[in-house]
Amino acid sequence: SQKFSDDIKRFATIVDDAAVAAIVKHLGIALQSKDASLVSMTDKKERDRVRDSWLKKKLGLTHDDVTLDQAILEIGDRMKADTRKQRVTFYYLLAEKFERLKALT
């Protein structure tokens, strides 16, 4: 969990370790797969999955798809220097953007 917190610190000033732990728990076994532990911004199906599974289902957001898709692209742009975007970091930054970190813990 510390390696995820360290990665998040590159993009966020304060890291909520309880929220990081909750994201790691949520992702579970997927994190063991190299491919599944990363977010591909070039894959529309992947971005849709992030929107539908993470933002809508897990975070309970009710914004329209355009708004949610823009947020995903915004985080992707924020992390653009990383060719390998860590899923935990990506999800954390989205939860932070929508002020839903506390809802995870």
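A salt bridge is taken here as a side-chain nitrogen of Lys or Arg within 4 Å of a carboxyl oxygen of Asp or Glu. This is a predicted model, in which local features need pLDDT of at least 70 and side-chain atom pairs count only at pLDDT 80 or more, while totals for chains, interfaces and linings use all residues. Residues are numbered from 1 along each chain as its sequence is written, and side-chain values use heavy atoms, with hydrogens and water left out.

By the salt-bridge rule the count is 16. Arg51 pairs with Asp65, with the closest N and O atoms 3.7 Å apart. Arg51 belongs to helix 3 and Asp65 to helix 4, so this pair ties together parts that are 14 residues apart in sequence. Helices are DSSP runs (H or I, at least four residues), numbered from the N terminus. Arg51 also forms a salt bridge with Asp69, at 3.0 Å between the closest N and O atoms; here the pair, again between helix 3 and helix 4, ties together parts 18 residues apart in sequence. Salt bridges with shared partners join Lys44, Asp48, Arg51, Asp52, Lys56, Asp65 and Asp69 into one network.

Arg51 counts as buried because its relative accessibility is 8%. Asp65 is partly exposed at 31%, and Asp69 is partly exposed at 22%.

Helix 3 also holds Arg47. Arg47 is buried yet has no salt bridge, and the nearest side chain of opposite charge, that of Asp48, is 6.0 Å away. For charge, Lys and Arg count as positive and Asp and Glu as negative, while His and the chain ends are not counted. Contact means heavy atoms within 4.5 Å. Not counting residues up to four places away in sequence, Arg47 touches Ser40, Met41, Thr42, Ile72 and Leu73.

The next topic is the nonpolar core, defined as a set of buried Ala, Val, Leu, Ile, Met, Phe, Trp, Tyr and Cys residues joined through side-chain atoms within 4.5 Å. The largest such core has 33 residues, and those with the most contacts inside it are Trp54, Leu55, Phe90, Tyr92, Leu94 and Leu104. Helices 1 to 6 each supply at least two of its residues, and the largest share, seven residues, comes from helix 5. Leaving aside neighbours within four places in sequence, Leu94 is in contact with Val50, Trp54, Leu55, Ala71, Ile72 and Ile75.

Tyr92 is in helix 5 and counts as buried because its relative accessibility is 0%. With neighbours within four places in sequence left aside, its contacts include Ala19, Val20 and Ile23. The side chain of Tyr92 also reaches the backbone nitrogen of Asp16 at 2.8 Å, a polar contact (a pair of N or O atoms within 3.5 Å; within protein, one must be able to donate a hydrogen and the other to accept it, and residues adjacent in sequence count only if both atoms are side-chain atoms).

At the start of helix 2, a side-chain oxygen of Asp16 comes to within 3.0 Å of the backbone nitrogen of Ala18. The buried residues of helix 2 (residues 17-27) are Ala19, Val20, Ala22, Ile23 and Leu27. What covers these residues includes helix 1, helix 3, helix 5 and helix 6. After helix 2 comes Gly28, with a positive phi near 50°.

Conventions:
Buried < 20%, exposed > 50% of the residue type's maximum accessible area, 1.4 Å probe, protein only.
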